[in-house]
Amino acid sequence: MLENIVSTGKKSTRDGFGAGLHQLGKTNPEVVALCADLVGSLKMQAFIDDNPDRFIQVGIAEANMMGIAAGLAIGGKIPFTGTFANFSTGRVYDQIRQSIAYSHKNVKICASHAGLTLGEDGATHQILEDVGMMKMLPGMTVINPCDYNQTKAATIAIADHDGPVYLRFGRPGWPVFTPENQKFEIGKALLLSEGTDVTIFSTGHLVWTSVEAAKELAAEGISCELINIHTIKPLDEAAIIASAKKTGCVVTAEEHQMNGGLGDSVAQVLGRHQPTPMELVAVNDSFGESGKPADLLAKYGLSASDIVAAAKRAIKRKS
Amino acid sequence: MANIEKLEQITSQVRRDIIRMVHACQSGHPGGSLGCTEFFTALYFEVMDHNNSFNMDGKNEDMFFLSNGHISPVWYSVLARSGYFEVSELATFRHIDSRLQGHPATHEGLPGIRVASGSLGQGLSVAIGAALSKKMNGDPKIVYALTGDGELQEGQIWEAAMFAPHHKVDNLIVTVDWNRQQIDGPTKEVMSLGDLEAKWLAFDWEVMHMNGNNVKDVIDTLAEAKTKTGNGKPIVILMKTEMGYGVDYMQGTHKWHGKPPNDELAQRALDQLKETLGDY
């Protein structure tokens, strides 16, 4: 039920990654971690303290880090690379493509500071194209969890998945609202709240924003079905088709370019199987800029009020 | 003791395989393949402790990584001739539905290949990762890698070159095919490598030299390199070769880097190379 979805406080998704990695250090001896001079930012210190022999500091050399990770995977290790999302994808796309994805290496590419909510560092670091780049690679799994608990669970879950994974998370403190110690199922959409008038499919930080939007809409008598798409690839097509059939119109919400993001994946599914009126809340072919995360989300059209407006537009198109 | 005469016979057959493979599909890279024939033959028939039943993880055996993947013909020939797959499969090189892709790949499951290569500059990093996994696994075997010299123009090579001494990756023997040629011409004209030995020394590698077209020198140098492993430093061997070695009209020029011979020139090449193990 929508009213039961409440924040228990703020923690960053990157802290969730650090906690998940720390736990993996205790449970899976094949897990090794690599970092390109961002240990503090990626919250990797607890893992390193426990497992100094299973941590490799690569320095500011991300291309080399991806290649080394591929080599470690050949030797049977499960490498987790850590750096910012920009340097985890765009900077090293060819290394990931050839040495990891095409070669089917069991590397977990863990990427922090994704999206506008990176904030003050500005557009050089606010990558908004990473999901698109990664989902285009054959065999790559793409995951964008929504809060601390889900990021921790996803980090633990991907160690058991055989194959390359892109795990995207962020910098700011963010509401924690999913259950602690939940089980994370790769590729399985999570129904947060049932509804009848419109479906909101959201991913990452914007899942919480969608919860806020759904509450506003509920106050106006509009019933939203709220679905957390933490795994963008492989996409839970059955859940998307079923909910679109049920409500008759959909909105997607994400902290990413419209081109290449969750919205375009959902549109492909609906276009093929269940043509449905659809509105996309995403960055519209633009770079970001410096600023506070909340201000940036508002300026670039990713706030709760934007989701509310998109839902109303989608409902209007149903007739 | 290595039987040099026998290894030289193998190199003649491998060169025939290279010419026939690139001629049959009218594509591929004969120049660098011919130049590195002694190196590959020595590595697979004498130097490495390897298992031709092929396990991807390479545990408890030596591993080899080819970073300059375009010289796949020589690698495929040597893998087939040393029992990784049927020699007849060499006839499928670069054809559709083949495991012998233009550049080496794991995607089709060809035994002997552990990572795709072709986009240059990546193989040294992968080899370092494999060498680190051996250390973590308590596996005393060695990782070998080959890079081109033109390939050293890629920045990732120098990221890897900085990493390996810092982390004391001393179970790694890298060879640079120093043929001084690349697609657009001599390296000194396209992008000078400068003092190559000084560069690797400055990065704190153990640097050695060898004549890559003398099979005995290759075996002796690799044996000496092996004695230098485990001493806290990675090892690089600057291997002088002649691109196109063994085929008179291809030798010492960049012009046959990525060009196959026509029927007449293929025959002229084969006339210079004795069929010692039987053509596929």
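Author: Two strands pair if DSSP finds at least two bridges between them. Strands (E, at least two residues) and helices (H or I, at least four) are DSSP runs, numbered from the N terminus. Residues are numbered from 1 along each chain as its sequence is written, and chains are lettered from A and ligands numbered from 1 in the order in which they are written. The model is predicted: local features need pLDDT of at least 70, side-chain atom pairs count only at pLDDT 80 or more, and totals for chains, interfaces and linings use all residues.

Reader: What radius of gyration does chain A have?
Author: Chain A holds 13 helices and 14 strands. The globule rule (2.2 Å times the number of residues to the power 0.38) is set against a radius of gyration taken over C-alpha atoms. For 319 residues the rule gives 20 Å, and chain A comes close to that, so it is as compact as a globular protein of that length, with a radius of gyration of 19 Å.

Reader: What share of chain A is buried?
Author: A residue is buried if 20 or more other C-beta atoms, placed from the backbone, lie within 10 Å of its own; it is exposed if 12 or fewer do, and partly exposed in between. Of the 319 residues in chain A, the buried share is 60%.

Reader: How many residues of β4(A) are buried?
Author: Strand β4 of chain A covers residues 78-84 and is mostly covered. β4(A) pairs in the parallel sense with β2 (residues 31-35) of chain A over five bridges, and L34(A) has T81(A) as its bridge partner. β4(A) also pairs in the parallel sense with β5 (residues 108-112) of chain A, again over five bridges. Of the seven residues in β4(A), the buried ones number seven.

Reader: Which element gives the largest share of the side of chain B that touches chain A?
Author: Two residues are in contact if their C-beta atoms, placed from the backbone, lie within 7 Å. By that test 26 residues of chain B meet 22 residues of chain A. The elements that give two or more residues to this side of chain B are α5 (123-136) and α6 (155-166) of chain B. The largest share, 10 residues, comes from α5(B).

Reader: How many residues of α3(B) are buried?
Author: Helix α3 of chain B spans residues 37-47 and is mostly covered. Its buried residues include F39(B), F40(B) and F45(B). Of the 11 residues in α3(B), the buried count is 10.

Reader: What radius of gyration does chain B have?
Author: Chain B comes to 10 helices and seven strands. For its 280 residues the globule rule gives 19 Å, and chain B is close to that, so it is as compact as a globular protein of that length, with a radius of gyration of 17 Å.
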